[in-house]
2 protein chains.
Amino acid sequence: MTRQELINQIMTKKTFLCVGLDTDIKKIPEHLLTAEDPIFEFNKAIIDATAKYCVAYKPNLAFYESMGVKGWVSFERTINYLNGAYPNHFIIADAKRGDIGNTSAMYARTFFEEINLDALTVAPYMGEDSVTPFLQYPGKWVILLALTSNKGSHDFQLTEDKDGERLFEKVLRTSQQWGNADNMMYVVGATQGRMFEDIRKVAPDHFLLVPGIGAQGGSLEEVCKYGMTKDCGLLVNSSRAIIYADKTEDFAKVAGQEAKKVADQMAAILG
Amino acid sequence: MTRQELINQIMTKKTFLCVGLDTDIKKIPEHLLTAEDPIFEFNKAIIDATAKYCVAYKPNLAFYESMGVKGWVSFERTINYLNGAYPNHFIIADAKRGDIGNTSAMYARTFFEEINLDALTVAPYMGEDSVTPFLQYPGKWVILLALTSNKGSHDFQLTEDKDGERLFEKVLRTSQQWGNADNMMYVVGATQGRMFEDIRKVAPDHFLLVPGIGAQGGSLEEVCKYGMTKDCGLLVNSSRAIIYADKTEDFAKVAGQEAKKVADQMAAILG
């Protein structure tokens, strides 16, 4: 999906919600456990109930890999379902990959050729040749970790170099030599509040993927106040607060209602 | 496997070689392609031919994931084979994972409970809570990226902070508050040469996993000169130079010969 297509979706649907499909077999409603593929059945129901309130889905691969081969089957089935039934939704694999060039190229082949995803999250620690193999696919995106939502983000990401530049700022600045606002986004946690101002000084136009509202406690208003651009420039993710809002047979309906609540807030902000 | 058990293996067998199982369907001998699971057949033959010359195996997950569900089947079959036939070998999944605590805990469950691995490579960018969930399993190891073998390692890992400490040194120093030499190792590329001296100033006792000899051009002598400790303290990995040394029906035999060459050098160094 191109940047303009993504912006069109956001402006048409008045939402920039990304629903995180962090599907954990231990947390889904019990009545699904007898299905042949409970994870997929859960995802399909959540997707059908939330699709009109969001523009993106983000399965986190850890949750699928934790189930081994079966988990990969559920993951690929989910992506195929999304590509077939909801081709206008932006699909992100939250994988946080990044390896030497040779190996990153293998990952790129997996996620962009074998499985038809729009974007992949990538960790920046190994530098340029770990990232650029993902940038060779037209219409596909790298979403580079910049300033994450967790407590550990303070350990290294805020380290200032001799010139006062913090590591996340160096990641933002340096990576703009590798890609641009048409094929690269950044992960910035909703919990970072006013730091979005600093992010926008270095990356004024890039889309930001923002996890951390809902269960992690970040504020949508604050993210928008300091991070929104004229093109919106935000994909705000919520996972647990939507997909696990209810544990009964009504789980999908309630997830849809929760997604709608967030989407209504977003519509108000977009004006 | 405990640190002492690993040291015993190294001292008994006089080798600290790790064979990297970066198995690419496009590079294995053609006659294997008719097998039901070519990747596993290749791995099994390589393992049987090299086991006595090495103490560790390191499948890189990217190569398995690139084949989707089929790749995961081959990966799990390989690990099961290693655990059954060669229980004294140290098994590393080169995965470079690292996510928020909740998600890292899922990965830990996958790799240390579901699949019985000894160690996992982890990326440090997200800090403490992305690493510590992996340290909750007795006898299991985190191998944290410190100074990698690739060109891109210069982009961020060498960045000096205000006190002149480089990022990889900060990673080494800070992470020693989370784990210790009994449950944590570091990745340091063989291509980094004399930088091993700097690594040993900050991490004098930890084992280092050293990729980058062979195809990537690092020198075993230099690594040992600057990086070896009284307990050896090194697992030196070679992947492509061993497993793809020959493309005929003799591939496993030739791989064994190549592994033996490296092991002979190692035995001479260990004295």
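Visitor: What makes residues of chain A and chain B count as in contact, and how many are there?
Guide: Contact means heavy atoms within 4.5 Å. By that rule, 56 residues of chain A are in contact with 56 residues of chain B. The model is predicted: local features need pLDDT of at least 70, side-chain atom pairs count only at pLDDT 80 or more, and totals for chains, interfaces and linings use all residues. Residues are numbered from 1 along each chain as its sequence is written, chains are lettered from A and ligands numbered from 1 in the order written, and side-chain values use heavy atoms, without hydrogens and water.

Visitor: What is the area buried between chain A and chain B?
Guide: About 5,200 Å², with carbon and sulfur atoms giving 58%. Buried area is the accessible area (1.4 Å probe) that two parts lose on being put together, summed over both.

Visitor: Why is the pair A:Asp99 and B:Lys96 called a salt bridge?
Guide: The term asks for a side-chain nitrogen of Lys or Arg within 4 Å of a carboxyl oxygen of Asp or Glu. The closest N and O atoms of A:Asp99 and B:Lys96 are 2.8 Å apart, so the pair qualifies. The pair crosses between chains: A:Asp99 sits in the loop between β3 and α5 of chain A, B:Lys96 in strand β3 (residues 90-97) of chain B.

Visitor: What makes B:Arg109 and A:Asp24 a salt bridge?
Guide: Their N to O distance is 3.8 Å. The cut-off is 4 Å, therefore this pair counts too. Between chain A and chain B the count is 8 salt bridges; over all chains it is 38.

Visitor: How many residue pairs are in polar contact across the interface of chain A and chain B?
Guide: The rule finds 25, with both residues at pLDDT 80 or more. A polar contact is a pair of N or O atoms within 3.5 Å; within protein, one must be able to donate a hydrogen and the other to accept it, and residues adjacent in sequence count only if both atoms are side-chain atoms.

Visitor: Which element gives the largest share of the side of chain A that touches chain B?
Guide: α5(A), with 8 residues. Helices (H or I, at least four residues) and strands (E, at least two) are DSSP runs, numbered from the N terminus.

Visitor: How do you know that β5(A) and β6(A) pair?
Guide: Pairing requires that DSSP finds at least two bridges between two strands. β5(A) and β6(A) (residues 184-188) have 5, in the parallel sense, so they pair. In β6(A), A:Met185 is the bridge partner of A:Ile143.

Visitor: Which strands close into the barrel of chain A?
Guide: 8 strands, in the order β1-β2-β3-β4-β5-β6-β7-β8, with parallel pairing.

Visitor: What about β4(B) and β5(B)?
Guide: These strands pair in the parallel sense over 4 bridges. B:Leu120 stands opposite B:Val142 in β5(B).
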